Amino acid sequence: MPAYREPLLTKTKIVATIGPSSKDRKTLGELIRAGVDVFRLNFAHGTYAEKAEVVKSVRELSLELGHPVGILGDLSGPKIRLGQLPESGIQTQSDETYFFIRGEQSNSDRELTSSYAGLVDDLRIDNRILLADGTVAMRVVAKGADRVECVVEQPGRLLSRQGINLPGSRLNIASLTEKDLEDLKWGLSVGIDFVGLSFVRCAADIRLLRSHIQAARPQQSPFIVAKIEKPEALDDLSNILDETDMAMVARGDLGVEVDIVRVPALQKRIIAACNQHRVPVITATQMLESMIDHDLPTRAEATDVANAVLDGTDAVMLSGETAMGRHPVRVVSTMSRIIREAEALLVSRKNLPLGTSTRSIATELTEAVTLGAIHAAERIKASLLVFFTASGAAATAVSELRSTVPLLAITDSQQTSQRLTLTWGVHSIVTDICRRPVAEVAEFIKKWGQENGILNRGDRFVLVTTTDWSHHGKDTMLVSTIS
């Protein structure tokens, strides 16, 4: 099977989280062949040595397979966790009283501690406290100098290090922890392509992360992925999208921070806002969760993935399914098949207004030529729409319009190719043909397309290029037929 035959048929990208089930080189290669575009390194788990081996394997496999693959380093963020509890945990009961205390040592099972030193200070009477992914709920009923008294409203078992969510509470906690900064430093040293910022609350959080990246002076800065999982982020969504490079609908903590019945509507709202701002967006959490243990997803899960595609997401993400599931490769193959079925229902956006981002994505000339090229490619039923991109701006302009024609980006930058792995519909190759005369480029595309089983006799392709590489933007469209 030609290397690009399958990827060009699937436009929505797949992100797969690396873990014990998927970190070996053989499985990584199989995952790429199955359809993974980006591998996620979760900095909440594992060692730098383990991650370094994954990065090395992914980069080597990407070159061997001739398929660009991105790497997303996901910062843990200020996740608040329970302190140490008895090994068997604590089974809470309705209306029982518990106390969150200052410090790290408790004297009874009714005293709870946390990883956040300021918790007692920030909590207020009537605040809700959700624990264990929202399965246990308490409410603050009294507050003292060094403790807050809580009553159990929703009982369940508590275990050490489980997460604490405080919906509605305003916390004086930094968006980047010391661990995040160490993880960022390591990620920049190995050249990650994307960095995920957890628990974003406002646009200033994005600016803070970007300032740390710029201060480190990496050879090429990674794109920032703002994870939307806090109610505060929803309040400042437009400003966040004007600052970030990409976004993620992080439905796990979002579904705990807000009433879970709101999550489907919020997902649609966030994706629509990202599309309007021309910000690529990932939809994440429990997409094919049952496949951690089972061979097939539930019908609801399959529908969930398809609906995310139809909503306009640029990528869908697998977490535990590939990190610790029984058969990660089967999960990716299944997701790819669901995506392909859903994409058959998508329509081009070429007749809709362009997005409203305040940042310049591509020049006005590039966007005009791109729009004309998409109209032409769809009108003549072209088999391929090809465009040059040095920085990725032209690719973003094409992606925004969601053309039904397969899209191929040609670039002379390996880093640009890797950063395009989260851009909807765009698949790229790295070559030095970019600055050659247009006639030579057209011949290169014909040969490449035929060798990879994409272009056959009588097929047409549309090429978007430039007459002068010293100028920013694209000004030329060429239509060619395979003879």
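This is a predicted model: local features need pLDDT of at least 70, side-chain atom pairs count only at pLDDT 80 or more; totals for chains, interfaces and linings use all residues.
1. Ground rules. Local features need pLDDT of at least 70 and side-chain atom pairs count only at pLDDT 80 or more, while totals for chains, interfaces and linings use all residues. Residues are numbered from 1 along each chain as its sequence is written, and side-chain values use heavy atoms, with hydrogens and water left out.

2. Salt bridges overall. Side chains of opposite charge can pair when their charged atoms come close. The structure holds 26 salt bridges, each defined as a side-chain nitrogen of Lys or Arg within 4 Å of a carboxyl oxygen of Asp or Glu.

3. R25 and E60. These two side chains form a salt bridge with an N to O distance of 2.6 Å. The pair links distant parts of the chain, with R25 in helix 1 (residues 25-34) and E60 in helix 2 (residues 48-65), 35 residues apart. Helices (H or I, at least four residues) and strands (E, at least two) are DSSP runs, numbered from the N terminus. R25 is partly exposed at 32% relative accessibility, and E60 is partly exposed at 29%. For these labels, buried means under 20% relative accessible area, exposed over 50%, and partly exposed in between (1.4 Å probe, protein chains only).

4. E243 and R207. Here the closest N and O atoms of the salt bridge are 3.1 Å apart. Because E243 lies in helix 7 (residues 237-243) and R207 in helix 5 (residues 203-216), the pair ties together parts that are 36 residues apart in sequence. E243 counts as partly exposed at 24% relative accessibility, as does R207 at 44%.

5. D432 and R436. This salt bridge has an N to O distance of 4.0 Å. D432 counts as exposed, at 59% relative accessibility, whereas R436 is partly exposed at 39%.

6. Helix 13. This helix (residues 364-379) has 16 residues and spans 23 Å from first to last C-alpha, close to the expected 22 Å; the expected span is 1.5 Å times one less than the number of residues. Its buried residues include T366, E367, V369, T370 and A373. The buried residues of helix 13 pack against strand 18 (384-388), helix 14 (393-400), strand 21 (460-465) and strand 22 (476-481), where contact means heavy atoms within 4.5 Å. Helix 13 is followed by K381, which has a positive phi near 55 degrees.
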